[in-house]
Amino acid sequence: SEKYDRTVVKEMSLPVAQSILLLLDNCPTEEIHPDKADLACEALLSVSQTLADLNVAHRVGWFARETGMMQMSDISSLDDLFGEQALILAARMIRDESGLIGRILDDPFINQADFHRVLIFGARPVSGTEALNGNVSVLLPEEDPSDSISCLPEHLTRIIV
């Protein structure tokens with residue numbers, strides 16, 4: 001380096017923060033249709049699988065009723081996802097007055113500044129997303145549960161590009 005008048009070696013490193021957070025809204029503030037709950041969970045797993053296929057490290061989160069806290073799992077490969085898949089599928093969607101955003105804000109172990117893109121997969125609109133840092137999108141099933149998730153390809157393209 002001419003600036004330091006010595007040899008400088010630059011090494012690649014992993015990012016300090018996860019940039020993508022996929023959240024399952026399994027604590028909605030209103031009752032939900034079971035088919036919509038299934039679609040939200042399926043969409044989250046599908047997006048996570050696609051990101052893992054592309055070697056895009058991300059984090060998946062949901063509210064764990066057993067511990068009363070948000071559960072976060074780092075996913076960087078399909079093996080990571082398959083290891084957590086049973087826990088994600090077992091996350092029951094039960095009406096909760098606090099809601100997903102309240103649970104996140106109350107959790108002292110979640111540093112919102114670590115995430116630049118947050119995708120929330122739910123069965124009903126989520127209120128209070130403006131309280132989260134970063135770019136937040138909520139993906140919801142269509143009115144007819146058989147129609148799957150709306151705008152999913154558009155959101156997924158934005159994440160990957």
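1. Helix H3 and its cover. Strand S1 (20-24), strand S3 (69-75) and strand S4 (117-121) are among the elements that cover the buried residues of helix H3. Those buried residues of H3, which spans residues 99-106, are Gly99, Leu100, Ile101, Gly102 and Ile104. Buried denotes under 20% relative accessible area, exposed over 50%, and partly exposed the range in between, with a 1.4 Å probe and protein chains only. Contact denotes heavy atoms within 4.5 Å. Helices (H or I, at least four residues) and strands (E, at least two) are DSSP runs numbered from the N terminus.

2. Basis of the values. The model is predicted, so local features need pLDDT of at least 70 and side-chain atom pairs count only at pLDDT 80 or more, whereas totals for chains, interfaces and linings use all residues. Residues are numbered from 1 along each chain as its sequence is written, and side-chain values use heavy atoms, with hydrogens and water left out.

3. The sheet. Five strands form an open sheet in the order S3-S2-S1-S4-S5, with mixed pairing. S3 and S5 stand at the edges with a single partner strand each, so one side of each has no neighbour in the sheet. From one strand to the next the twist averages 20°. Two strands are taken to pair if DSSP finds at least two bridges between them.

4. Strand S4. This strand is mostly covered, 5 of its 5 residues being buried. Both of its faces are covered: Arg117, Leu119 and Phe121 are buried on one side, and Val118 and Ile120 on the other. S4 pairs with S1 in the parallel sense over 5 bridges, and Leu24 stands opposite Phe121 of S4. S4 is also joined by 5 bridges to strand S5 (residues 135-139), again running parallel; there, Val118 has Val136 of S5 as its bridge partner.

5. Strand S2 and its partners. S2 is largely enclosed by the rest of the structure, because 6 of its 7 residues are buried. With S1 it pairs in the parallel sense over 3 bridges, Leu21 standing opposite Arg59 of S2. The chain passes from S1 through H1 to S2 in a right-handed β-α-β crossover; right-handed denotes a path from the first strand over the helix to the second that runs clockwise when the strands point away from the viewer. The pairing of S2 with S3 is antiparallel, over 7 bridges. Arg59 has Asp74 of S3 as its bridge partner, and Ala64 stands opposite Met69 of S3. The hairpin of S2 and S3 has 4 residues between the strands, and in it Gly68 takes a positive phi near 75°.

6. Nonpolar cores. A nonpolar core is a set of buried Ala, Val, Leu, Ile, Met, Phe, Trp, Tyr and Cys residues joined through side-chain atoms within 4.5 Å. The largest has 24 residues, and Leu22, Leu24, Leu44, Val60, Ile88 and Phe121 have the most contacts inside it. S1, helix H1 (34-53), strand S2 (58-64), helix H2 (78-90) and S4 each give two or more residues to this core, and H1 supplies the largest share, 9 residues. Another core, of 14 residues, lies apart from it and includes Cys27, Leu100, Ile110 and Phe115. Leaving aside neighbours within four places in sequence, the contacts of Leu22 include Leu44, Val47, Leu51, Val60, Leu119 and Phe121.

7. Salt bridges. A salt bridge is a side-chain nitrogen of Lys or Arg within 4 Å of a carboxyl oxygen of Asp or Glu, and by this rule the count comes to 5. Arg124 forms one with Glu30, with the closest N and O atoms 3.6 Å apart. Arg124 is in the loop between S4 and S5 and Glu30 in the loop between S1 and H1, so the pair ties together parts that are 94 residues apart in sequence. Arg124 is partly exposed at 34% relative accessibility, as is Glu30 at 43%.

8. Asp96, which is buried at 8% relative accessible area, meets Arg103 in a salt bridge of 2.8 Å, N to O. Arg65 also forms a salt bridge with Asp96, the closest N and O atoms being 4.0 Å apart. This second pair ties together parts that are 31 residues apart in sequence, because Arg65 lies in the loop between S2 and S3 and Asp96 in the loop between H2 and H3. Arg65 is partly exposed at 23%, and Arg103 is partly exposed at 25%. Through shared partners, salt bridges join Arg65, Asp96 and Arg103 into one network.

Key. Axes are lines fitted to C-alpha atoms, for helices over the stretch in contact, and angles run from 0 to 180 degrees between N-to-C directions.
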